[in-house]
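Have a look at the structure first, and then we'll go through it piece by piece.

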Amino acid sequence: MSSFALGLGGIGVMLAMLFLRQPVWLALGVIGIGGNWALNGLMASKFVAGTTMFDVASNYNLSVIPLFILMGEIATGSRMSAELFNAARVMLSGLRGGLGIATLAASGAFGAICGSSVATAASMTRIAMPEMGRAGYDTGYSAATVAAGGSLGILIPPSIILVIYGSITETSVARLFAASMLPGILLMLLYVAVAMIVAGKGGAAPTERPASLRERLAALRKPWQFGLLFLLTIGGIYAGLFSPTEAASIGAFGAIVLGAWKGGLTLDGLVQAIKSSVAVSCALFMIIVGATLFSNFVVQTRLPDTLLGLAENAGMSAFMVMTLIVVIYIVLGCFLEGIGMVLITVPVFLPIVVGYGFDPIWFGVLVALLVELGLITPPVGMNLFIIRAQVPDVPMKALYSAILPFLAAPIVLIVLLFIAPAIALWLPNLLY
C-alpha cells in the first residue's frame, strides 16, 4: 500500500471512529500511533508517542490555554458576566428585541476575556434566558440569541481555537488575535442586525421601556472590571507589552483579585474554578497530543502535497479549492466538535491553502469562523445542546428553527473575507 493510500485510509478510519462516538483524542491517537507503526515500525512509533506526550505537556506557548480558561471560570463564578449583561440590557432598552441584542453584546464582551464558546453560552443561558422569559420573549428567539452570542468567544480574542491553531501551524498567536478582532466585531454587528430583523417579525420580541439617562450611566459603571481585564490582556498584547502567555497569566490573576475585591469570589468558588479549569485543560491537552501524533502521520504520508498536486493538475482555481474546503468545514461542523475539527483538518488543508498563495493568518481567522458556524449549525451544534441541557423545556425543533436566520451572519462574513482579506489582515500588518 502506498503512503498516500495509507493516509486516506487512516483518515477514513478516524472519521468512522468519530461517527461511532469515540473520543476525539482516542481517534486521533490511535490513527497517529498505528499509522506511524505501519510507516516506520513499532519502535519508531513508540518513540514518537513518548516524545509527543512530553513535548505537548512542556510546551510553554500552550500554557496560555489553562490560564484563559481559569480567567473565564472566575469571571463566570464571580458574577461579572451578570453585571455585564445588565449594563447591556439597560443601554439597549427601548429597542424592539433589546434583551436579545443585549445578550449578543454581552456575549461578545464576555468572550473578549473568556475565550471559550461553551463557557460563554453556559453563562449567558443562566443569566439572559430567565430575563427574556419574564419579558415575554419567544423561547426559540431567546435561545437562538444566546447560542449565536456564545459562539463569538471562538473569534473575538482571546480565542482558545486560535491559540491551538497557532501552536500546530507555528504562526504568531498575537498576530492571530489581531487578525480576528475586526472580524469578531463585524460578526457581532451582523448578529445584531439579524436579531433586529427577526424581532420585528411575528412578535418574537417585545419593545421594552427605555431607561433614563441616569439609569444608563449607573448601569454602565458597574462592569468596569471587564474593560480593565481587556486592557490588561488584549491591550497589553497589541501594545507589545506582553506575550499572549504573559497576558493570560496577568488576566487570570487580575480576575482573581477583582472577583475577591468585589466580593463575588469566595475561597470555595476559587477552588471550584481551578478544578474546572484543570479538568477542561486536561481534556484539551489529550486532544492536542492525539492531534500531534495524527499530524506527524499525515506529514509522513505526504498526503497534503499529493492533494495539492492533484488539484493543480486538475486545473482547479484557488477559488474552487477554497470553496471546497469551506464546504467540507461546514459539513464536518454539523457533526464534529470544534477543537477536534481544527486539529484533524488543519494539518491536511494548510499546505494546500498556502500552496495556492493564501495567508496562513487569514486562513486561521477563516477556520475560527467556520468552527463558530459549526457551533450553531444543526443537528449537532454544541451551543444548542449547552442551552438545551440547562433549559430542557425548549423543544429542539423550535431551537433548530430559530437558529436558522442567525446562520446568515457568519456566511456573509465568510464571503466578505474572500472579497476583502484586509478585514483580517489590516490590523496585524499595522501592529506587527
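An axis here is a line fitted to C-alpha atoms, for helices over the stretch in contact, and angles run from 0 to 180 degrees between N-to-C directions. Helices (H or I, at least four residues) are DSSP runs, numbered from the N terminus. Keep in mind that this is a predicted model: local features need pLDDT of at least 70, side-chain atom pairs count only at pLDDT 80 or more, and totals for chains, interfaces and linings use all residues. Residues are numbered from 1 along each chain as its sequence is written, and side-chain values use heavy atoms, with hydrogens and water left out.

Start with H10 and helix H21 (residues 408–419): their axes come within 9 Å and cross at roughly 140°. H10 and H21 are therefore oblique to each other; angles under 35 degrees count as roughly parallel, over 145 as roughly antiparallel, 65 to 115 as roughly perpendicular and the rest as oblique. So who touches whom, with contact meaning heavy atoms within 4.5 Å? Sorted by class, that's 12 nonpolar, no polar and no charged residues. (Ala, Val, Leu, Ile, Met, Phe, Trp, Tyr, Cys and Pro count as nonpolar, Asp, Glu, Lys and Arg as charged, and the others, Gly among them, as polar.)

Now for another partner of H10. Helix H9 (residues 160–169) packs against H10 (residues 173–199) at an angle of about 140°, with the axes 9 Å apart. That makes H9 oblique to H10. Here Leu162, Val163, Tyr165 and Gly166 of H9 meet Val173, Leu176, Phe177 and Ser180 of H10. This contact splits into six nonpolar, two polar and no charged residues.

Methods. Helix = DSSP H or I, 4+ residues; strand = E, 2+ residues; numbered from the N terminus. Contact = heavy atoms within 4.5 Å.
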